[in-house]
Amino acid sequence: MKIRAESALVALALAGAIAFAAAGPSLAEDVAIDVGGGYMIHTKDDPLRIAFFAIGSNNSYLEAQDDEAKKTAKELGVEMDTFYADFDAAKQADQMQIALAGGRYNAWIVQAASGEALCDIATRQAPEAGILVQSMGIVLCGRQLNAGDELWSPGTLNYVGGNETVAAWSDLWKKAVEQNPGPQKVGVMVGPPLLSITQAFVKAMKETAPPDWQIIPIVHTDYSVPDAQAKAMPLVQANPDMTILMSAYTNI
């Protein structure tokens with residue numbers, strides 16, 4: 001089976017992810033899927049039981065994602081349980097270890113709170129247990145600065161994402177520079193520092209922002225409106241001469 005990285009909006013990609021996984025076991029009683037890393041997953045004629053490890057539920061985007069996931073699972077007749085990490089990698093690792101030990105699930109959808117911290121369990125421990133894993137939105141195993149197929153981590157079925165890569169963020173920064181020529185004082189608000197999305201955004205900033213753009217120290221948020229408001233106020237008050245505020249997310 002050819003594994004590829006796919007470019008899609010994460011909330012919409014979830015529907016396709018469940019549909020793709022649900023279709024596999026129905027093709028035959030035993031389908032062998034090469035997920036890379038030396039792992040071959042053999043699906044059986046069993047109902048699909050998905051564990052969705054969501055990064056959180058604290059904003060409108062994640063709420064919409066959660067609603068779409070539950071709606072799609074119901075439409076497909078797929079059993080799915082959702083576990084919310086609240087942007088806490090240690091909490092999510094515990095959730096995944098408990099799910100692994102329980103042996104209930106034969107497929108995981110992983111929206112990692114930290115791609116590095118959860119690399120081993122998602123790309124080695126889960127496939128060793130015969131679990132199909134899809135990485136969604138957050139890139140696993142330190143691959144967040146890559147592009148195309150290199151965003152996919154061996155050991156997982158596929159990676160769904162692409163609008164949060166260095167290349168995508170670079171386009172945003174280039175557009176901002178184009179529309180705002182000359183010296184600028186720039187505030188930057190992003191998500192948690194361990195997220196691959198944040199790391200890609202910062203790398204794009206460093207590679208694209210011109211020398212005459214003064215970058216104010218980056219402000220990290222948990223992507224929620226209350227946290228963003230609480231941190232934006234002192235940022236603006238401390239920098240009354242700020243000319244641009246760059247954000248990695250609409251709720252910020």
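This is a predicted model: local features need pLDDT of at least 70, side-chain atom pairs count only at pLDDT 80 or more; totals for chains, interfaces and linings use all residues.

User: Why is Ile244 called buried?

Analyst: The relative accessibility of Ile244 is 10%. Buried means under 20%, so Ile244 counts as buried. Ile244 lies in strand S12, residues 244–247.

User: How do you know that Ile244 touches Trp213?

Analyst: Contact means heavy atoms within 4.5 Å. With residues up to four places away in sequence set aside, Ile244 touches Asn180, Gln184, Lys185, Val186, Gly187 and Trp213. Val188 is 56 residues from Ile244 in sequence, and their C-alpha atoms are 8.5 Å apart.

User: What makes the set that includes Met96 and Trp108 a nonpolar core?

Analyst: A nonpolar core requires buried residues of the listed types, Met and Trp among them, joined through side-chain atoms within 4.5 Å. The largest such core has 51 residues, and those with the most contacts inside it are Met96, Trp108, Trp173, Val188, Phe201 and Met246. Helix H6, residues 196–208, gives the most to this core, with 6 residues. A second, separate core has 18 residues, including Val35, Tyr39, Leu48 and Met80.

User: Which residues does Met246 contact beyond its neighbours within four places in sequence?

Analyst: Met246 is in contact with Leu172, Trp173, Ala176, Val186, Gly187, Val188, Met189 and Phe201.

User: How much of the protein chain is buried?

Analyst: Buried residues make up 52% of its 252 residues. The protein chain exposes about 11600 Å², of which carbon and sulfur atoms supply 55%.

Technical notes:
Residues are numbered from 1 along each chain as its sequence is written. Side-chain values use heavy atoms; hydrogens and water are left out. Buried means under 20% relative accessible area, exposed over 50%, partly exposed in between (1.4 Å probe, protein chains only). Helices (H or I, at least four residues) and strands (E, at least two) are DSSP runs, numbered from the N terminus. Accessible areas come from the Shrake-Rupley method with a 1.4 Å probe; for residues, only the protein chains shown count as cover.
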